[in-house]
Amino acid sequence: MKKITIAVAGATGMVGRKILEVLEERNLPVSDYIFYASAKSAGSKISFLGKEFTVIELNEENIKGKKIDYALLSAGGATSKVFAPIFAKNGAVVIDNSSQWRTYPEIPLVVPEVNGEVALKHNGIIANPNCSTIQAVVALKPLHDKYKIKRVIYSTYQAVSGAGVQGYEDLKNGILGKPTAKFPYPIFANLIPQIDSFLENGYTKEEEKMIFETKKILGDESIKVTATTVRVPVFHGHSESINIEFFKPCTLEGIKDALKNADGVTVIDEEGKYPMPLFAENKDDVFVGRIRLDNTVDSGCNLWCVADNIRKGAATNTVQIAEYLIRRA
């Protein structure tokens, strides 16, 4: 049996540490691991699978000559732009968690439950989608297959951990009455209808990511998508209100059946019971509830979608892509 080596770049960051946690839980048939981080974190120790690993600096010399099969990158777009091609040239399949490669037509954008097969068509780099898009398309895929989606309206309620450690600290510090450092306005006891920077059309980059990525992952450019993304004072777990219009006639029972039978979806939809961020924390499924028909269109529905943005929205999806490739190698 071939020995497999996985490298994790950005191993000491918030998502990197969660990737290690998921790798430990899934126990992939991997013989060796290499952990990379910035020069600042190089030399630190990581306890993993009962062993102690020394973190090494992410640079070209430390990549060359190492037999790496899969490189899981979670070190930011600028870092990925430099090092993803180096890993790929060295023979590794890169699974990148930044936004750097998502819009490249030749680079697969993968959610295994939705379009895992496109991962097999890589040229050395695979992109992990935006966290808010990942949970949405897991819920949309079975409905698109059954009824063909015409239009999607997203309204998101996104946790501060989606903005990294600084976002997390802003909420903690805001509770204590300290000033904000990451967000443009206080996040404690507040909502901020801006995630990422504004574009000329009035949308933010986060909203444009959801619009573009939904079409690419579902493989249908004809779907009309619009979005409003909002940062909320929640530590973990993104929530989304999704309004969907279909081409084919739908029924409430048919929608619920499609979601209940979908891979990676858990339906919680009873009177007074529905998914919430606290419930989804540290879980890998996408949770869906508040499912109801939209009577303002000929065929459509509303649903509420919640997932842990650091796990399914980043770390777990990255590991699932590697797992998918390993099983089919």
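Visitor: How many residues line the largest pocket, and which lie nearest its centre?

Guide: This is a predicted model. In it, 44 residues line the largest pocket. Val15, Gly76, Gly162, Ala163 and Gly164 are the ones nearest the centre of that pocket.

Visitor: What is the volume of the largest pocket?

Guide: The volume of the largest pocket is about 1200 Å³.

Visitor: What about the second largest pocket: how much space lies in it?

Guide: The second largest pocket holds about 250 Å³ of space. Its lining includes Arg26, Glu113, Asp263, Asp284, Tyr324 and Arg328. Helix H4 (112-115) and H10 are the elements that give two or more residues to this lining.

Visitor: Which element gives the most to the lining of the second largest pocket?

Guide: H10 does, with 5 residues. As for class, the lining of the second largest pocket has 2 nonpolar, 2 polar and 8 charged residues.

Visitor: How should I read the packing of two helices?

Guide: Two packed helices are described by the angle between their axes and by the distance between those axes. Here, helix H5 (residues 131-147) packs against helix H10 (residues 311-328) at an angle of about 85 degrees, and their axes are 8 Å apart. H5 and H10 are therefore roughly perpendicular to each other.

Visitor: Which residues of H5 and H10 meet?

Guide: From H5 come Cys131, Ile134 and Val138, and from H10 come Lys312, Gly313 and Asn317. By class, this contact of H5 with H10 has 3 nonpolar, 2 polar and 1 charged residues.

Visitor: Where is confidence lowest and where is it highest in the protein chain?

Guide: Where pLDDT is low, predicted coordinates should not be read in detail. In this protein chain the average pLDDT is 97, and 100% of the residues score at least 70. Confidence is lowest in helix H9 (residues 277-280), with a mean of 95, and highest in strand S11 (residues 238-246), at 99.

How values were computed. Residues numbered from 1 in each chain as written. Predicted model: local features only at pLDDT ≥ 70, side-chain atom pairs only at ≥ 80, totals over all residues. Heavy atoms only, no water. Axes fitted to C-alpha atoms, helices over the stretch in contact; angles between N-to-C directions. Helix = DSSP H or I, 4+ residues; strand = E, 2+ residues; numbered from the N terminus. Parallel < 35°, antiparallel > 145°, perpendicular 65-115°, else oblique. Contact = heavy atoms within 4.5 Å. Nonpolar A, V, L, I, M, F, W, Y, C, P; charged D, E, K, R; others polar. 1 Å grid on protein atoms, 1.4 Å probe; cavity = no way out; pocket = protein on both sides within 12 Å on 5 of 7 lines; lining within 4 Å. Points joined across faces, edges and corners; volume = space filled by probe spheres on them. pLDDT = per-residue confidence, 0-100.
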